[in-house]
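Subject: Structure handover

Hello,

Here is the structure for your files. Please look it over first; my notes follow below.

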Amino acid sequence: MNKPQVMLGGLLSLGASLVFVPSASAQCVVADVSIQAAIHGGPPAEQVNDVVIDTPDQCRGNTSVSTSRQIQVGGTGEVRQVRQSRHQIRNGSAESNRPAGPAVVVPVGVQVDVHNAADTLRTRSQP
């Protein structure tokens, strides 16, 4: 068998398999982006990011977006960063001619806790 026939056979197989794959469409989008950062000389920070996202199985015409930042720089005391985020999304207008589809949910939670020994040294050297 020469190469063009192998390539054609592969393309036909791929095309045939695509016929049986259901199409995907997302009609609702939920994005939740959170950054919690602590750069300090104290004990490890307590960082809590509590996110609840409630969407129907099939959704149309809605979007929910939340972003937040909690930043602590310096000090030797305890650091407590707590965030609660709730998204409840429902179908939009039924008159929309767009089909309903599964919601796309994008949760991004970044937590950084960096011990800075220089903060500890500064408090010891002060009279």
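Three strands make an open sheet in the order E3-E1-E5, paired in parallel. Strands here are DSSP runs of E with at least two residues, and helices are runs of H or I with at least four, both numbered from the N terminus. Two strands count as paired if DSSP finds at least two bridges between them. At the edges sit strand E3 (62-73) and strand E5 (104-115), each pairing on one side only. Neighbouring strands in this sheet are turned by 0° against each other on average, direction ignored. Axes are lines fitted to C-alpha atoms, and angles run from 0 to 180 degrees between N-to-C directions.

This is a predicted model: local features need pLDDT of at least 70, side-chain atom pairs count only at pLDDT 80 or more, and totals for chains, interfaces and linings use all residues. Residues are numbered from 1 along each chain as its sequence is written, and side-chain values use heavy atoms, with hydrogens and water left out.

Now the E1-E5 pair. Strand E1 covers residues 28-40 and pairs with E5 in the parallel sense over twelve bridges. Valine 29 has valine 104 of E5 as its bridge partner.

On the whole chain: the protein has two helices and five strands. Their pattern along the sequence is α-β-β-β-β-β-α. Of its 127 residues, 21% count as buried (under 20% relative accessible area, 1.4 Å probe, protein chains only). Take contacts (heavy atoms within 4.5 Å) between residues at least 6 apart in sequence: 89% join residues at least 24 apart.

Best wishes

Note on methods
Buried means under 20% relative accessible area, exposed over 50%, partly exposed in between (1.4 Å probe, protein chains only).
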